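Please keep the sequence and the coordinates at hand while reading.

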Amino acid sequence: MIQLLFTLLGAEALVVFALLVKSPLRKLTIMGLDRAKRGRGPVIVQTVAVTVLVVLSSSVYSMVKIMNRSGDPEAGGIATPTDQVLMSRHLLEATLMGYFLFIALLIDRLHHYIKEIRRLRKGMEAAMKQNSVLEEAKNGSLEELKARESKLANLSAKIKQLESDFEARSREVKAAEANAIAMKKQSEGFLLEYDRLLDENQSLRNQLQIIDISLSHSDSKKNM
């Protein structure tokens, strides 16, 4: 019994060492504990713990019984060598079983806390990645917004330039229309003047014809 308890305590000490020291062995130990807590593993562990607790209670009861027998005045009040050996044996067994139960509880809590720390670490890493993605998206949106603002500024400048060009062209068109109207009026005046000159020319021709006719009549009368 004592040899078995020493073996179990040694195994528990190795498990605690593997859990406390960061090494590849820790991962294997955690995987083994995870499998032990699945299926019928918890029932077996509880059964072993209850059995050890019952044996521990029996050892404590035996020690109390031996102490009471040693303190009994009717028995002489002196512990016999057998009682001393049994007392020492029960005390050692009870101590070893108490350490066994305590270290088993310690292993369970270490396993739970390590898994909890890993879960929290993964959550923090995921949150940090999400924050970095959000920061990158925010920076990208800011850069995109700045690019759009610069494009809008360029477009507004082009629109203003086009508006100024349109106004200049409009002024040129209005000036050309005014020149065309003036030239049209001037051409109408020229046409009127041309018609008047034609009329005068025709009247002069008529007068010349009349003069020629009168001259020819006078010459014919003289010949007669």
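K22 is exposed, with a relative accessible area of 72%, where exposed means over 50%, buried under 20% and partly exposed in between (1.4 Å probe, protein chains only). The model is a predicted one, in which local features need pLDDT of at least 70 and side-chain atom pairs count only at pLDDT 80 or more, whereas totals for chains, interfaces and linings use all residues. Residues are numbered from 1 along each chain as its sequence is written, and side-chain values use heavy atoms, with hydrogens and water left out.

**Surface patches**

- K22 belongs to a patch of positive charge on the surface, which it forms together with K27, R118, R121 and K122; patches take residues with over 30% relative accessible area and no salt bridge, joining like charges within 9 Å and nonpolar side chains (Val, Leu, Ile, Met, Phe, Trp, Tyr) within 5 Å.
- For charges, Lys and Arg count as positive and Asp and Glu as negative, while His and the chain ends are not counted, and the place of a charge is taken as NZ of Lys, CZ of Arg, CG of Asp or CD of Glu.
- Helix α4 (residues 81-223) supplies the largest share of the positive patch, namely 3 residues, whereas K22 sits in the loop between α1 (2-20) and α2 (24-36); helices (H or I, at least four residues) and strands (E, at least two) are DSSP runs, numbered from the N terminus.
- A nonpolar surface patch is made up of F17, L20 and V21, whose accessible area together is about 290 Å², areas being computed by the Shrake-Rupley method with a 1.4 Å probe and, for residues, with only the protein chains shown as cover.

**Salt bridges**

- The model holds 6 salt bridges, each defined as a side-chain nitrogen of Lys or Arg within 4 Å of a carboxyl oxygen of Asp or Glu.
- One of them joins the side chains of D34 and K115 at 3.4 Å, N to O, and this pair links distant parts of the chain, since D34 lies in helix α2 and K115 in helix α4, 81 residues apart.
- E193, R196 and E200 are linked in a network of salt bridges.

**Loop between α3 and α4**

- T80 lies in the loop between α3 (41-70) and α4 and is partly exposed, at 36% relative accessibility.
- The C-alpha atoms of T80 and R69 are separated by 9.9 Å, the two residues being 11 apart along the chain.
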